[in-house]
Amino acid sequence: MTTSFGVAAGESVARPETKLRLLSVSVEEVTLGSAARTHVLELAAALKRQGASVEVVAPPDNGPVRRNIAVRLWRIAATMRRAAGRLSGHDILYLRAHPLLWPLARLAKARGLQVIQEVNGREADIFVTHRWARPLASLLISLQRAQYRDATAIAAVTQGLVEWLRSLPRITMQIGCVSNGVNLDLFSPDLPRHPDSPITPYAIFFGGFHPWHGIETMLAASRHPAWPEGVKFVLVGDGPEAPLVDAAVGDPPLSHRIIRFSHRDQRTLAAIISHAMVSLVIIENSHGKAETGLAPLKLFESLACGVPVIVSDQPGMGDLVRKASCGLIVPERDPAALAQAMAEIAADPARISALGRAAREEALARCSWDARASELLSMFDRLKVFNDTKGFC
């Protein structure tokens, strides 16, 4: 039985004959293209491949998320009701941490289930994205901290979050780092060129057009004199800062350089990424969001496509890029440095190839969802989730 949290791609943990029965619950909207959807569904599929029985309960995907707060709260309550009705027949309740899941976590514990909290950020991050919740900050933080204290174990997506959790009062359970991952079959260097992909060299950004994703910094870099001539800048996604992108598309000095697409399905997106010269992951430390480290899906998906990355110098992703030698690192909110890095990488095709090979090798070695599932199963083994009557060796 392995007890290590570090498991290579393709390596699996030996499981007992009786399946581990896990109920995975997310009250975040798992709409098409969302990070929550990718993480929840890909991790569940990987756990199933390694012998676990997994049932996922999440809000139904009814298209674009409604902004109405009352509707969102109703969907959260409905999701918890469905999950409560599915607790029997499971050994573990695996929660994508959310303050309002407190009643479900308490019910599961009362019924003897092991409760594992998956932590993707600090509670304070909620109030950056959802400003309406700020008057309720004390209550929501208390509800989430109570869940942490009651949990059997916590799986955090960055080492910085692990350290933050360990610093909280009365947090004594096992805490491990189980990061984001990538589907290595879907995101690959060998995909055919998609009709949307420019023929000329291009840099790509994909994901939500949010302030902390460096949209303004990247657009300013693309205007900078150092940006390499003939290199397009492709942005795929949508979000609050879409008007900035659309304005750049219509700006005559940039209209020949900026290409904007709305959200694409993962197969189309992977094909566009795989033919990029470089992928930009320029996340900024808005309201302290980056202080506990970053492990964004877009980073792993870029690596898996064999594409070099240019990342902002944030804990977690900066450390990974340095260690794997798979890209360049630039200071935060520095358009000139980003433009210079673009020029540096565009001028050296041999370096692009070498960085791309290192990126794919890193993804193959350590970043698959199967590796993440093995890390979780290793955590469950260490917790002795099964007792002898359930076949645990």
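Q: Where in the chain is N120 found, between which strand and which helix?
A: N120 is in the loop between β4 (114-119) and α4 (126-129). Helices (H or I, at least four residues) and strands (E, at least two) are DSSP runs, numbered from the N terminus. The model is predicted, so local features need pLDDT of at least 70 and side-chain atom pairs count only at pLDDT 80 or more, while totals for chains, interfaces and linings use all residues. Residues are numbered from 1 along each chain as its sequence is written, and side-chain values use heavy atoms, with hydrogens and water left out.

Q: Why is N120 called partly exposed?
A: Its relative accessibility is 31%. Buried means under 20% relative accessible area, exposed over 50%, and partly exposed in between (1.4 Å probe, protein chains only). N120 therefore counts as partly exposed.

Q: What does N120 touch, not counting residues up to four places away in sequence?
A: N120 touches H39, R96, V157 and L161. Contact means heavy atoms within 4.5 Å. R145 is 25 residues from N120 along the chain, and their C-alpha atoms are separated by 14 Å.

Q: Why does the radius of gyration agree with a compact globule?
A: The rule is 2.2 Å times the number of residues to the power 0.38, with the radius taken over C-alpha atoms. For 393 residues it gives a value near 21 Å, and the chain has 21 Å, so the two agree. The C-alpha atoms fill a box of roughly 65 × 45 × 40 Å along the principal axes. The chain holds 15 helices and 12 strands.

Q: How many of the residues in the chain are buried, as a percentage?
A: Buried residues make up 54% of the 393. Of the contacts with a separation of 6 or more, 73% are between residues 24 or more positions apart.

Q: Which residues have the most contacts inside the largest nonpolar core?
A: They are F187, I204, I273, L299, L303 and C326, in a core of 37 residues. β7 (202-208), β8 (232-238), α10 (266-274), α11 (297-304), β11 (309-312), α12 (317-324) and α14 (349-366) each supply at least two of its residues. A second, separate core has 32 residues, including F209, A221, A226 and V231. A nonpolar core is a set of buried Ala, Val, Leu, Ile, Met, Phe, Trp, Tyr and Cys residues joined through side-chain atoms within 4.5 Å. In soluble globular proteins, nonpolar side chains tend to be buried together.

Q: What is F187 in contact with, leaving aside its neighbours within four places in sequence?
A: The partners of F187 are V182, Q266, A270, I273, E301, A304, C305 and R360.

Q: Why is α11 said to be largely enclosed by the rest of the structure?
A: Of its 8 residues, 8 are buried, so the description holds. L297, K298 and E301 are among them. α11 is followed by G306, whose phi is positive, near 70 degrees.

Q: Why is P296 called buried?
A: Its relative accessible area is 13%, so P296 counts as buried. P296 lies in the loop between β10 (278-281) and α11. Not counting residues up to four places away in sequence, P296 touches N180, V281, I283 and M317.

Q: Why is W369 called buried?
A: At 2% relative accessibility, W369 counts as buried. W369 is in helix α15 (residues 369-382). Leaving aside its neighbours within four places in sequence, W369 has contacts that include T38, H39, N180, V182 and L297. L184 is 185 residues from W369 in sequence but 8.3 Å away, C-alpha to C-alpha.

Q: R170 and R333: why is each exposed or partly exposed?
A: R170 has a relative accessible area of 63%, so R170 is exposed. R333 has 46%, so R333 is partly exposed. R333 is in the loop between β12 (327-330) and α13 (335-346). Its phi is also positive, near 55 degrees.
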